[in-house]
Amino acid sequence: SHKQLLFTTHMNKKNLNFNLEIFDNSNIPWAAIKSEIMRIERAAFGNKSDSEEMMEKCFTNPKVVAIFLRDTKNGQMAGYSYAIPDPQAKSNKVALIDSTAILPSHQGKGLVGAMSELLENELVKRGYKYMTERANVANGYADKIEKIYAGRIVEKHDVDSVYGKQRYFKI
């Protein structure tokens with residue numbers, strides 16, 4: 001329910017109507033969002049989707065910062081992006097953008113940038129100084145991240161992973 005959310009903003013970008021919502025896991029239990037999150041996860045990543053157990057661990061982490069993209073035409077969630085404290089960072093001021101997913105029917109509409117902007121703003125409010133992210137190279141997502149953050153990237157390099165070639169960014 002929208003009344004449980006900390007923040008909702010309406011976007012009208014290219015005549016598309018979406019709400020961006022900041023998720024508050026102290027008010028909304030995993031069970032209330034699980035089916036929508038897993039539907040998006042499977043649609044976006046197919047056989048490389050994370051398990052329900054992995055997703056539950058992330059979304060119930062008390063330090064998770066998550067943004068939901070909701071389609072106002074049907075009220076359904078169309079995407080999400082979330083960050084947790086980067087477990088590999090030497091500082092607690094670094095957040096790892098662990099996953100961003102949008103339904104294929106909503107991709108290519110500039111919505112990742114809108115979610116990323118709100119996620120970053122929320123991370124800054126919570127005291128983070130840097131964000132790290134690994135983005136898939138083959139599907140063009142790494143190029144989108146590079147475009148969104150342009151001259152603010154302080155470190156980047158390519159890495160091999162179980163998801164294929166990824167580009168690591170520190171922003």
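User: Leaving aside neighbours within four places in sequence, which residues is Arg134 in contact with?
Analyst: In this predicted model, Arg134 is in contact with Gln88, Val159, Gln166, Arg167 and Tyr168, once its neighbours within four places in sequence are set aside.

User: What separates the C-alpha atoms of Arg134 and Tyr168?
Analyst: The separation is 4.4 Å, although Arg134 and Tyr168 are 34 residues apart along the chain.

User: Are Phe23 and Phe59 buried or exposed?
Analyst: Phe23 is buried, with a relative accessible area of 3%. Phe59 is buried as well, at 1%.

User: What about the rings of Trp30 and Phe59?
Analyst: Their centres are 5.9 Å apart with the planes at 25 degrees, so Trp30 and Phe59 are stacked. Trp30 lies in helix 1 (residues 30-45) and Phe59 in helix 2, so the pair ties together parts 29 residues apart in sequence. Trp30 counts as buried, at 9% relative accessibility.

User: Which residues form the aromatic cluster?
Analyst: One cluster is formed by Phe23, Trp30, Phe59, Phe68, Tyr80 and Tyr82.

User: On to strand 4: how many of its residues are buried?
Analyst: Strand 4 (residues 77-85) is mostly covered, with 8 of its 9 residues buried.

User: How many bridges join strand 4 to strand 3, and how many to strand 5?
Analyst: Strand 3 (residues 65-71) and strand 4 run antiparallel and are joined by 6 bridges; Leu69 stands opposite Gly79 there. Strand 5 (residues 94-102) pairs with strand 4 over 7 bridges, also in the antiparallel sense, and Ala83 stands opposite Ile97.

User: Which residue takes a positive phi in the hairpin of strand 3 and strand 4?
Analyst: Gly75 does, with phi near 75 degrees; this hairpin has 5 residues between the strands.

User: Finally, what lies over the face of Tyr130?
Analyst: Lys170 does, at 4.5 Å from the ring centre of Tyr130.

Methods:
Residues numbered from 1 in each chain as written. Predicted model: local features only at pLDDT ≥ 70, side-chain atom pairs only at ≥ 80, totals over all residues. Heavy atoms only, no water. Contact = heavy atoms within 4.5 Å. Buried < 20%, exposed > 50% of the residue type's maximum accessible area, 1.4 Å probe, protein only. Helix = DSSP H or I, 4+ residues; strand = E, 2+ residues; numbered from the N terminus. Pairing = 2+ DSSP bridges. Phe/Tyr/Trp six-rings, centres within 6.5 Å; stacked < 30°, edge-to-face > 60°. Lys NZ or Arg CZ within 6 Å of the ring centre and 35° of its normal.
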